[in-house]
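I open these notes to keep a record of what I looked up in this structure, entry by entry. The sequence and model come before the entries.

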Amino acid sequence: MLKSGIVRALGTMSGTSLDGVDAAVLETDGQVIAGFGATAYRPYTDAERAVLRAHLGRWQNDGVARCATVVESAHIAVMAPFEEIDIAGFHGQTLAHDPGERGTHQCGNGQHLADVLGVPVAWDFRSHDVASGGQGAPLTPFYHFALAQWIGATEPVAFLNLGGVGNITWVDPTRADPADDGALLAFDTGPANAPLNDLMQARLGLGYDADGQLAATGTVEDAIIQRFLNHPYFAQPAPKSLDRDAFAGLCADVAGLSDADAAATLTHAIVASTAQAFHLCPSPPARLLVCGGGRKNKTVMRGLAQVIACDVQTVEAAGLDGDMLEAQAFAFLAVRAAHGLALSAPGTTGVAVATSGGRIAKPAVTHRVPGF
Ligand SMILES: Nc1ncnc2c1ncn2[C@@H]1O[C@H](COP(=O)(O)OP(=O)(O)OP(=O)(O)O)[C@@H](O)[C@H]1O
Ligand SMILES: CC(=O)N[C@H]1[C@@H]2OC[C@@H](O2)[C@@H](O)[C@@H]1O[C@H](C)C(=O)O
């Protein structure tokens, strides 16, 4: 059993943009943040990314063993050097997400990591929420609540994550607990970097549009944006969540455009879907704090500043680390899972009541195994 009080948790995230594994230490009791620790990043090689990409949309027992090997070995490599860890949080790699029908699938086995690393590992964070009728995503909102208190917010703020998919959390920091009614409203905003990355890869052999430079030279095709915004997802009430490739129609629509116009249009789709999301917030937040790799895209940030009716800043403006925030979140959620605290609530995943989740894998040997 995890000791009570502040512990050192190591969280990891391998996100839908398929760029690599983030790892970050958080000092926490699962309710408040006591401090931030070391971080590390391990990009996937092109060959590894190709394996992950080839398995997108696949479920457990559908030939995912190779993918699990890639995910687990990359995590072990990035996690092994960390010292004095009480518990690790392992999100895994989402391959498929269909909460209403088949469920949600994060590839990688936490028990294997626990045995190799010699520390308890919290994993499989989303299944219980889905089994309880929730969306299983987003799960970072409870951490966003703790962050809002850490930065001393006294009025509602919103966090926007621009990863492969986008998600937003509106937080009322005056509530005592993230599971309280009205403390949080969270949902996926729409596709973020995934369609743009796929375009850059297919057309130019590049991983992404660095700083939004290509998009800045193109023209947005308004008719495509209008068709995109007519997607039924935007009319659905929150909470709601998305699979990585839910907007295949958008990608097909830009196929006939020049590289620059296609990039500009996909980039504007990120901005336009965030604007829609902003209107679903219970009240206008004082500031929109942006994290995830998309905050480095200057064309996105310029577009957001034009359409969002509050201050739009990167989370760095509040003293936070926008590259490691999701990894920190899974450190926070690991401690919560170990203590049986809620990970989700009606306002975050649509689950009927605040719900705990995650599995805890105990290591076969409780010390680090050198030379795994
Ligand atoms: N300098 C940059 N300019 C533009 N885009 C960038 C830059 N750096 C990173 N990105 C984008 O950010 C992505 C990585 O973002 P991030 O690590 O937040 O995603 P993720 O964690 O995989 O996704 P998710 O939050 O959906 O799980 C890259 O794939 C790229 O599209
Ligand atoms: C199923 C899944 O992995 N969803 C991711 C994805 O990436 C962003 C968005 O879609 C969010 O819902 C979620 O990740 C973050 C970490 C979350 O659960 O909050």
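**Entry on Gly30.** I began with the contacts of Gly30, setting aside its neighbours within four places in sequence, and found Phe332, Val335, Arg336, His339 and Leu341. Gly30 itself sits in the loop between strand E2 (20-28) and strand E3 (33-43). From Gly30 to Leu341 there are 311 residues along the chain, yet their C-alpha atoms are separated by 8.0 Å. I noted Gly30 as buried, because 25 other C-beta atoms lie within 10 Å.

**Entry on confidence.** Since this is a predicted model, I looked up its scores before going further. The mean pLDDT of the protein chain is 96, with 98% of its residues at 70 or more. For the model I wrote down ipTM 0.98 and pTM 0.97.

**Entry on Leu2 and Ile87.** I then turned to Leu2, which belongs to the segment before strand E1 (7-14). Leaving out residues within four places in sequence, I listed Val7, Asp86, Ile87, Pro120, Val335, Ala338 and His339 as the contacts of Leu2. Leu2 counts as partly exposed, because it has 18 C-beta neighbours inside 10 Å. For the pair Leu2 and Asp62, 60 residues apart in sequence, I read a C-alpha to C-alpha distance of 34 Å.

**Entry on the core.** Which residues touch the most other members of the largest nonpolar core? In this core of 110 residues, they are Ile87, Ala88, Ala331, Leu333 and Ala334. Helix H12 (residues 325-338) gives the most to the core, namely 11 residues. I placed this core between domain 1 (7-134 + 330-337 + 356-361) and domain 2 (152-318), because both give residues to it.

**Entry on the two domains.** I next looked at the division of the protein chain into domain 1 (7-134 + 330-337 + 356-361) and domain 2 (152-318). Taken over C-alpha atoms, the centres of domain 1 and domain 2 are 23 Å apart. Domain 1 brings 9 residues to the contact and domain 2 brings 11 residues. On the side of domain 1 that touches domain 2, I recorded 3 nonpolar, 4 polar and 2 charged residues.

**Entry on ligand 1.** Around ligand 1 I found 22 residues, of which the closest are Gly15, Gly163, Asn193, Gly292 and Gly293. By class, the shell around ligand 1 holds 4 nonpolar, 13 polar and 5 charged residues. Domain 1 and domain 2 each supply at least three residues of the shell around ligand 1.

**Entry on backbone geometry.** Ala137 and Pro138 are joined by a cis peptide bond with omega of about -10 degrees, and Pro138 lies in the loop between helix H4 (127-131) and helix H5 (141-150). I found another cis peptide bond from Ala238 to Pro239, with omega near 0 degrees; Pro239 is in the loop between helix H8 (222-229) and helix H9 (248-253).

Leu18, which is not a glycine, has a positive phi of about 65 degrees, and its place is in the loop between E1 and E2. I noted Leu18 as buried, because 24 other C-beta atoms lie within 10 Å.

Asn61 also has a positive phi, near 65 degrees, and is found in the loop between helix H1 (46-54) and H2. Is Asn61 buried or exposed? I recorded Asn61 as exposed, because 7 other C-beta atoms lie within 10 Å.

Key:
Residues are numbered from 1 along each chain as its sequence is written. Chains are lettered from A and ligands numbered from 1 in the order in which they are written. This is a predicted model: local features need pLDDT of at least 70, side-chain atom pairs count only at pLDDT 80 or more; totals for chains, interfaces and linings use all residues. A residue is near a molecule or strand if its C-beta atom, placed from the backbone, lies within 6 Å of it. Ala, Val, Leu, Ile, Met, Phe, Trp, Tyr, Cys and Pro count as nonpolar, Asp, Glu, Lys and Arg as charged, and the others, Gly among them, as polar. Domain bounds come from an automatic or database domain assignment. A nonpolar core is a set of buried Ala, Val, Leu, Ile, Met, Phe, Trp, Tyr and Cys residues joined through C-beta atoms within 7 Å. A residue is buried if 20 or more other C-beta atoms lie within 10 Å of its own, exposed if 12 or fewer, and partly exposed in between; C-beta atoms are placed from the backbone. Helices (H or I, at least four residues) and strands (E, at least two) are DSSP runs, numbered from the N terminus. pLDDT is the predictor's confidence in each residue, from 0 to 100. Two residues are in contact if their C-beta atoms, placed from the backbone, lie within 7 Å.
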